[in-house]
Every structure is written in C-alpha cells, then in structure tokens.
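The questions below go through one chain and its ligand. Each answer ends on what was asked.

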Amino acid sequence: MESYLNLILDFLQNILARLGVAEATRPLGAMLILYLAITLLILLLVLILWWSVWRKSYSPSKKGSLRVETDELIAESDVDTKPAGLEVEEATPLSEAVPAAEAGGGLVKSIRSGVEKTRAALVGRLESLFKGEQIFTPELFEELEEVLMTSDFGMATTVSLVTTLEQSFAGREVTSADVYLALKAEIARRIKMVACMQPRPIQSGPEVIMVVGVNGVGKTTTIGKLASHYREEGKSVILAAGDTFRAAAAEQLSIWAERAGADIVRHSEGGDPAAVTFDAAKAAIARKSDLLIVDTAGRLHTKTNLMEELKKVRRVLDREIPGAPHQTLLVVDATTGQNALVQAKMFQEAVQVDGIVLTKLDGTAKGGVIVAICSELEIPVRFVGVGEGLSDLRPFDADEFAEALFEKDEVA
Ligand SMILES: Nc1nc2c(ncn2[C@@H]2O[C@H](COP(=O)(O)OP(=O)(O)OP(=O)(O)O)[C@@H](O)[C@H]2O)c(=O)[nH]1
Ligand SMILES: [Mg+2]
C-alpha cells in the first residue's frame, strides 16, 4: 500500500517538475494534489449513493417509473418558488394498475347502495304517512315537514318543498299516494334544475378539474376515484399534488395515481401549491393529457389566507390553460349533515364552486342534505362517494336518487 502511495507521489512530483515547480515544494504539492483527488472521489461516491437512495424512496412502482426533470418539462417558470425534486411519474397501464377485484364490475352506476342508510331512516319515518290510500290531511303535511327536517333536508328546503306540495294540491282532496309521487317528482325536479348547469367550456388544451374542501372530507380519495372513472372512459389523466401542506399527502395521491393508471406531478413537502400546479399544467400540455385534476390541502373555509392561496392556484391555472379550471369541485362529507351545507355556502362565496362531490354517503342517514345543497345553493351535485374503494364513486342522477331515496317496496 505504502509503495503504491510512493509511486503515485513520485508520479505527481514528476508532473510538477515538468510544470517547472521548484524542487523543494514538489513533495508538498504532490501530497496536496493527492489529498484533493481523494476528497473529490469520496464526495462523488457519496453523491452517487445519495442519488440512488433518493430515487428508490420515491419510486411508486416496482416496475420502475419514468421521471422527467423539471428543466426538461418546463421551458421557463414565472412562479417564484422553484421546486426541489419535481417528479412526473408515468402511469402504469390501466389493466395492470387496477386490482382485479376492484376492476371487476367497473363503475356500477347505481347510487342505490349508497343511499341505503338515508333511505332506511327516511322510509321508516314516512311509513305511517304514506301507508295505504289515506287522505293526506294538513296534519300529515306538518308531520311530513318534521320528517324531512330531521333527515337533513334543512329548514329552508323543507319548508319550500312542503309549501310547493300544499299549493299544488290546494282545494283538492289528495291521497298519500298522490303526495308520495309528487314529493319524489318535486325533489328530482329541484335537483335536475341545477344538474343541467354546464362546466366552463374548454378553449384549448386539457380539461382541468380543481378539487377543494375542508380537512378530511375525502378530496384525495375522490381524486383517485375520479381518475379511475375518466381512465375507464379512455382519457389520459394527470394529477397535481397541490397539497404540499400535510405530510405524506403527495405519497397518498401517488398511490391513488398508480391504482387508477394516472400520471402525477409532485414536489417535496412544504412547497408552493401554485408552483406544483404550474408544473402540472405544463406537463399536461406537454403530454397532451385529456384531463388534469388538482388536489389541494384541506382548509377551513373561514381562513382568509388559505382561501387566497386557492385563488392563486386558480390564477396560475387560468394563465397556463386559458379558461381553467373548467370545474371546481367542492368535496363535502355527507356525515356532517347541515354542516356540509354551511361549508358549501362559504366556499361558494370565496371561490367559484361549479359542482359538489358528496362523500361518505354509504355511512350516513343524512343524504337529504343533497336536496338542500341543490335547492338552496343551486350548485349541482356531480358525484357521490359510497365507499373507500377505487370504484366507489357514482355519477349523480337526480331521478335515480329520488327513486332510491323513497324505494317504494319498503314503504308498507
Ligand atoms: N366510507 C367512505 N369513506 C370515505 C369516502 N371518501 C373518503 N373516505 C375516507 O375518508 C378519509 C379521508 O379521506 P381523504 O381523501 O384523505 O380526505 P382529504 O379531504 O383528502 O383529507 P385532507 O387532505 O387531510 O384534507 C379516508 O379514510 C377515506 O378512506 C367515501 O365515499 N366513503
Ligand atoms: Mg387530501
């Protein structure tokens, strides 16, 4: 070992001699050069080691995934926060990405199972009202009002629903069967009135859906389900991990992206949501994606600065893809009942809300809040979440909902 070292030092001293370095300083010079070379070598090894560990820890797929460097993807950025560690992960083919059990029946279009608890509670209480062919007296209208109120239809909606029914039957003798049919039709009519509202037109580039809502309502889960829904329609989908606030939020979205067969753009934790959105918009344009879905951090509708952050994200989207976001979907948790209505009101005031996704309908009897949201706020319910799985999202259909809510065979 020592002889090797001496050989290298002699060699270096020879080079220094040729360069005209004085003989007295050559040994020291050679040692210095050797020391520097060894230090550089160690540094290089550490860097290579760190790079390979970093790559592995971010890899969502055992099969390997394509990563595109920020610079390749973005020509120039005018967003102030330059991201560290941007990744674009490529989707695995849909057939591989969706587990067989979940892909099984595809998206079952019925919301019947989702409204089961609401239906059971409502029907149980309406049983005596709609039994047989009895004459529907003013007292029964009062009773109906009470039942709807306690089924989360909300005060304003209940009063206006019952008033509409009373007025349409004014001066006539009606049976419970008449009222039952009229109630179903009126509920469906109110929901349909807002359901036909169309999202903003797509001028060019990918369609953009932005997903907002308070903490824990099911935004990220819904995005996973939505991605799967649109992938099944044959669309290419890219997700933006705009929740840079909560630890592991991007990781959670990555898992959903992989399951749904979508791409994802994410930054490291603590980054600027507007910067992630910017990069995602660029990626969606570059890849000619059909759809970009933007996740956002859960926020209290009462926090002004957080609402401002949402507006900034919207501005970035609109600048990069004119007209975007084409839909801002507000996710609300059905189990919170009337609170969902309050949240929808506040979000509608702060940022434009084009549609609602009502989640966790499977676990609650408070599904009546759908009617309140459509009726009072005139925001269409686009989808309902009926479970935690990839296929547990149902496109919302007014007639089907009204029918399922009052499922006749359960009414004696
Ligand atoms: N039963 C049921 N659970 C749901 C549904 N949607 C979401 N969840 C569950 O709700 C919990 C919260 O879901 P997330 O998607 O993380 O909610 P989030 O709004 O993204 O939460 P933050 O990012 O923390 O604001 C998870 O345990 C989900 O599995 C649904 O339709 N039904
Ligand atoms: Mg989330």
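Q: Is Lys-345 buried, exposed or partly exposed?
A: The model is predicted, so local features need pLDDT of at least 70 and side-chain atom pairs pLDDT 80 or more, while totals for chains, interfaces and linings use all residues. Residues are numbered from 1 along each chain as its sequence is written, and chains are lettered from A and ligands numbered from 1 in the order in which they are written. A residue is buried if 20 or more other C-beta atoms, placed from the backbone, lie within 10 Å of its own, exposed if 12 or fewer, and partly exposed in between. Lys-345 has 16 other C-beta atoms within 10 Å, so this residue is partly exposed.

Q: How far apart are the C-alpha atoms of Lys-345 and Glu-376?
A: Lys-345 is found in helix α14. Along the chain, Lys-345 and Glu-376 are 31 residues apart. Their C-alpha atoms are separated by 9.3 Å.

Q: How many helices and strands does the chain have?
A: Helices (H or I, at least four residues) and strands (E, at least two) are taken as DSSP runs, numbered from the N terminus. On that count the secondary structure comes to 16 helices and nine strands.

Q: What share of the chain's contacts with a separation of 6 or more is between residues 24 or more positions apart?
A: Two residues are in contact if their C-beta atoms, placed from the backbone, lie within 7 Å. Of the 412 residues in the chain, 41% are buried. Among contacts with a separation of 6 or more, the share of residues 24 or more positions apart is 78%.

Q: Where on α14 do the buried residues lie?
A: The buried residues of α14 are Ala-340, Leu-341, Gln-343, Ala-344 and Phe-347. Taking the directions from the helix axis to the C-beta atoms, they cover an arc of only 160 degrees, which puts them on the same side of α14.

Q: What covers the buried residues of α14?
A: Helix α14 runs over residues 338-350 and reaches 19 Å from its first C-alpha to its last, close to the 18 Å expected at 1.5 Å a residue. The expected span is 1.5 Å times one less than the number of residues. The cover over its buried residues includes β2 (207-212), β6, β7 and α15.

Q: Which residues of α8 are exposed on the side away from its buried residues?
A: In α8, Thr-157, Thr-158, Leu-161, Val-162 and Leu-165 are buried. These buried residues fall within an arc of 120 degrees seen down the axis, so they line one face of the helix. Among the elements that cover them are α7 (138-153), α9 (176-195) and α15. On the other side of α8, the exposed residues are Ala-156, Thr-163 and Gln-167.

Q: Which residues come nearest to ligand 1?
A: A residue is near a molecule if its C-beta atom, placed from the backbone, lies within 6 Å of it. The shell around ligand 1 divides into three nonpolar, 11 polar and seven charged residues; Ala, Val, Leu, Ile, Met, Phe, Trp, Tyr, Cys and Pro count as nonpolar, Asp, Glu, Lys and Arg as charged, and the others, Gly among them, as polar. Helix α10 (residues 219-232) gives the most to this shell, with three residues. Of the 21 residues around the ligand, the nearest are Gly-218, Thr-220, Thr-221, Gly-298 and Gly-385.

Q: Is Lys-360 buried or exposed?
A: Lys-360 lies in the loop between β7 (355-359) and α15 (369-377). Its phi is near 60 degrees, a positive value in a residue other than glycine. Lys-360 has 23 C-beta neighbours inside 10 Å and therefore counts as buried.

Q: Which peptide bond is cis, with omega near -5 degrees?
A: Most peptide bonds are trans. Pro-325 sits in the loop between α13 (304-320) and β6 (327-333). The cis bond runs from Ala-324 to Pro-325.
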